[in-house]
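Good morning, and thank you for coming. I would like to take you through one protein structure step by step, so please have the sequence and the model ready.

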Amino acid sequence: RTVYVNGDYLPEDEAKVSVFDRGFLMADGVYEVVSVLDGKLLDFDGHLARLNRSLDALEIANPLADADYLAAHRELVARNGITDGLIYLQVTRGNPGDRDFAYPPKDTRPTVVMFTQSKPGLADQPAARTGWKVASVEDLRWGRRDIKTVQLLYPSMAKMEAKARGCDDAWLVEDGKVTEGSSNNVYIVKDGVIVTRELSHDILHGITRAAVLRLAKEAQMRIEERSFTIAEAQAADEAFATSASAFVMPVVGIDGVSVGDGAPGPVAKRLREIYLEESR
Ligand code: PDD
C-alpha cells in the first residue's frame, strides 16, 4: 500500500513520523474518514470543511490548501487501485523537540498522513441487511466531541464492552440521554418522525448526518432534533446510525430488547437507498 506523509507518497513500511509528534504523545490532532464508492469520493467538501473547523478549534495551522487534500485523495485512490473503501486523513500538531504540555511554536509544521483501506463491496455490507445490535455504555468522553480528535481510547473501550456483551456497537449515554454510537450518529423513528440529538459540543456533527437529514427533508419526512433515552429508543418503531463508513445502518436491538419487529425498518432502509443512490 502507498501512503501519504507530509507531501510524499511512500510504501507503507517506509513512512516515518517522529516519536515526539504530539499526535503520538498527546493525541493532539484531528482526523477525517472519507468513503470511496466506485472510485468516487463521498461528501468530500463536507469532510474538508469539518477538518478545517477541527483544526481551527485546536489552533493548528492547516498546512495544506483544500485542493491539495483533494489531489492527494485522488492520487491515493489511483495509486492503490481503490474501487470501494475508505481514506483516512490525519493532521497532528507535530513537534520539533521535547515533550511539553505547552504547544510548540506557531511555525511548527503539522504532520499530515493519509492512507487508504480497500473494502470491496462496501455499500453492500452484509450488516446492513441484518442490522446492528447495540449495548448502552456510559459516555465518559471529554466535553468537545464536536472536534474530531484522534483521542479515541474511550470509544474503543466502549466498543470492546459492547462486543463483550455480544453486540456490534455501543450507544453512549450521558445524563440519561443517548449522545452517539462509538463512531456514528444515532436516530430513532416513532410514528413516522425521525428523532436525532441536536448539534452541540456533545456530539460530532456528522457529515453523513447532514446529508441524510437533508435527504429526509426532501422526501417530506418529519424530523425532530432532540435527545432521547435508551428506554424511548427501545420502544421506538425503528432505530439506525449514520457514518462515513456505515452509511445508514439499521439498529435492531438495544440492550437485548428488539426495536420494532427486530428487523431493519423501512425508514432506515429507504434512507440508506437514497443516500447511496445520490452518492453514485
Ligand atoms: N467516525 N460520531 C462519532 C463519534 C464519529 O466518530 C463519527 C465518524 C460520526 C459520524 O460522522 P460522519 O458521518 O462525518 O462520518 C459520529 C468515523 C467514520 C471513524 O471514526 O471511523
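This is a predicted model: local features need pLDDT of at least 70, side-chain atom pairs count only at pLDDT 80 or more; totals for chains, interfaces and linings use all residues.

Let us begin with the overall division. The domain assignment of the protein gives two parts: domain 1 covers residues 2–121, and domain 2 covers residues 127–279. Their C-alpha centres are 26 Å apart. How many residues of domain 1 are in contact with domain 2? There are 20 of them, and they meet twelve residues of domain 2.

On the side of domain 1 that touches domain 2, the elements that give two or more residues are strand 3 (29–37), helix 2 (44–57) and strand 5 (85–92). Strand 3 provides the largest share of that side, with eight residues. Sorted by class, the side holds ten nonpolar, seven polar and three charged residues.

We now turn to the sheet. In general, the strands of a sheet pair through backbone hydrogen bonds, in either a parallel or an antiparallel manner.

Strand 2 (residues 8–11) runs antiparallel to strand 1 (residues 2–5), and four bridges join the two. Within this pair, Thr2 has Pro11 of strand 2 as its bridge partner, while Val3 stands opposite Leu10. The two strands form a hairpin with two residues between them, and in this hairpin Asn6 takes a positive phi near 45°.

Strand 1 also pairs with strand 6 (residues 111–118), again in the antiparallel sense, over two bridges. Here Tyr4 has Met114 of strand 6 as its bridge partner, and Val5 stands opposite Val113.

The next step takes us from strand 6 to strand 5. These two run antiparallel and are joined by eight bridges. You can find Ile87 opposite Thr116 of strand 6, and Tyr88 opposite Phe115 of strand 6. Is strand 5 mostly covered or mostly open? Strand 5 is mostly covered, since six of its eight residues are buried. As a general point, the side chains of a regular strand alternate between the two faces of the sheet.

From strand 5 we pass to strand 3. Eight bridges link this antiparallel pair as well, and Gly29 stands opposite Thr92 of strand 5.

I now come to the two loop residues. Most residues other than glycine have a negative phi. Asp43, however, has a positive phi near 55°. Where is Asp43 found? Asp43 sits in the loop between strand 4 (40–41) and helix 2. Asp43 counts as buried because 20 other C-beta atoms lie within 10 Å, and 20 or more is the cut-off for that term.

Asp255 likewise has a positive phi, near 50°. Its place is in the loop between strand 14 (247–254) and strand 15 (257–258). Why is Asp255 called partly exposed? Asp255 has 15 other C-beta atoms within 10 Å, and so its count falls between the limit of 12 or fewer for exposed residues and that of 20 or more for buried residues.

Finally, let us look at the ligand. It is surrounded by 14 residues, and the closest are Leu204, Gly206, Ile207, Thr208 and Ala244. Which elements each supply at least two residues of this shell? They are helix 6 (207–218) and strand 13 (238–243). The largest share of the shell, three residues, comes from helix 6. By class, the shell around the ligand is made up of four nonpolar, eight polar and two charged residues.

Of its strands, strand 3 gives the largest share of the side of domain 1 that touches domain 2. Thank you for your attention.

Definitions and conventions
Residues are numbered from 1 along each chain as its sequence is written. A residue is near a molecule or strand if its C-beta atom, placed from the backbone, lies within 6 Å of it. Ala, Val, Leu, Ile, Met, Phe, Trp, Tyr, Cys and Pro count as nonpolar, Asp, Glu, Lys and Arg as charged, and the others, Gly among them, as polar. Two strands pair if DSSP finds at least two bridges between them. Domain bounds come from an automatic or database domain assignment. Two residues are in contact if their C-beta atoms, placed from the backbone, lie within 7 Å.
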